[in-house]
Amino acid sequence: MGCCGVHVLLLLLFLQLLRLPVDASDGQLVCLCDGTKYSQASQCRGTRCFSSVKYENDAMVFEHGCLNGTEKTRLHCSTPPLHRQAIFCCSHDMCNDKSTRSDLLSLLPTVPREEPVRYCVEMVALFVLAPVVVLVLLSLLSVLACRRLHHGRLQRLQEFDTEQGAVDGLISSNVGDSTLADLLDHSCTSGSGSGLPFLVQRTVARQISLVECVGKGRYGEVWRGQWQGENVAVKIFSSRDEKSWFRETEIYNTVLLRHENILGFMASDMTSRNSSTQLWLITHYHENGSLYDYLQRVAVETAEGLAMAASIACGLVHLHTEIFGTEGKPAIAHRDLKSKNILVTKELRCCIADLGLAVTHSQTDNLLDVGNNPKVGTKRYMAPEVLEESIQTDCFDAYKRVDIWAFGLVLWEVARRTYSNGIVEEYKPPFYDQVPNDPSFEDMRKVVCVEQQRPFIPNRWFSDPTLSALVKLMKECWYQNPSARLTALRIKKTLDKIHSSLEKGKES
């Protein structure tokens, strides 16, 4: 083979390598299958599709089919075009239809059948050019890998919508004719019970305009945005918190998660803006802000405080409860429950937000999914077993009991800002008088585990029947032994009973 033949062969090998994707898809492709191995044209499924051509008895024979298995795919697709045959691989549905024949013919080398072999020239070319070609290929593949990685991050959300490709008739063209309520109602009635269908999420996200920043935290910022005149909340995660964004998106897309006491999720999007990747989570907007912010501004009447506490308990019951069936829902533990992660609606009820650290469990397959986020909850709200690092990390009930501990602290925050006999305390966070403003892990461990202290209970609470009942309830959430704590359902029923007693007292 001459110099020209070597150059052509190396160039074709380089072109063939560029056809291979950096990351192989785990999905199954639909491919055209025909040729000598098949009785008639049909379709098959595999990890890659291929088209091939070869000379047999001075005639060109075309074949289309699919490949399965990493090694088989690499072996076939990495084979350079030979004198009398060539193969073309691709990686999307029906990409090997008969229109690829022209590509195959262009790959097939057209060199004379009889050609003098000059071994000396070939050996020189091999030893001189091969290292250069390899370095060039490696450089180009590195660039392609970086570009594909960035592109792959932008496409990661597609994993959540593998079963909603058709979008139930809701496509980009008619999103503009609907309100968010219409879209969410359609989503629920069509069986998802979570967020909007995926393509609608992407469309809505790209039509939102940011109006004002309403909050900042360790995760990033929260903005009030507008979509077709409606207010929405846009939580923008910093790039270092991609795992939190990914986990929260994953949890919010859980079937049957939607509940009046869980923050209403609408859309999630990973997009490039101002030459940087932004991670957006779009939810309902509540102008009262978080329970933490609200209690600092406003003191509540007894009935209002009870209603707030009961609504939080309702949301926690829904999270903790597994729903069985083909359209079921796993049990979910929050792991970072606190007043800053609870929002106040315009009806002065509460809904639980920020599910970035959530854990899920399904009894059907006994699968405990703790996600891929190494962060733990907020130190001030950590249960004793978390501070002592003795929590049973393989037991889902252990995570639910951590939520109950934190709920007891939130209940204490609400009780402080509840009027009784015209008296109310100023807002303070739990353990405000026992640890610094930004307590360390060791500060909290000393107070909660070693000294076994609990938040201070003012004397006036014991003279009020409702607050006195709440004191008893929160203490049953604070047992040092996790298994002795109440369940979310028992807390909800107890709050309902306290509310009934309050109503009877008013009537008498």
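Which residues are exposed on the other side of helix 14? They are P465 and K472, where exposed means over 50% relative accessible area, buried under 20% and partly exposed in between (1.4 Å probe, protein chains only). Before we go on, note that this is a predicted model, in which local features need pLDDT of at least 70, side-chain atom pairs count only at pLDDT 80 or more, and totals for chains, interfaces and linings use all residues. Residues are numbered from 1 along each chain as its sequence is written, and side-chain values use heavy atoms, leaving out hydrogens and water.

Let's stay with helix 14, residues 465-475; helices here are DSSP runs (H or I, at least four residues) and strands likewise (E, at least two), numbered from the N terminus. In helix 14, T466, L467, L470, V471, L473 and M474 are buried. They lie on the same side of helix 14 because they cover an arc of only 165° around the axis, taken from the directions from the helix axis to the C-beta atoms. These buried residues pack against helix 10, helix 12 and helix 15 (488-507), with contact meaning heavy atoms within 4.5 Å.

Two of those partners also meet each other. Helix 10 (residues 302-320) and helix 12 (residues 396-416) pack at about 170°, their axes 10 Å apart; axes are lines fitted to C-alpha atoms over the stretch in contact, and angles run from 0 to 180 degrees between N-to-C directions. Helix 10 is therefore roughly antiparallel to helix 12, a label for angles over 145 degrees.

Notes:
Parallel < 35°, antiparallel > 145°, perpendicular 65-115°, else oblique.
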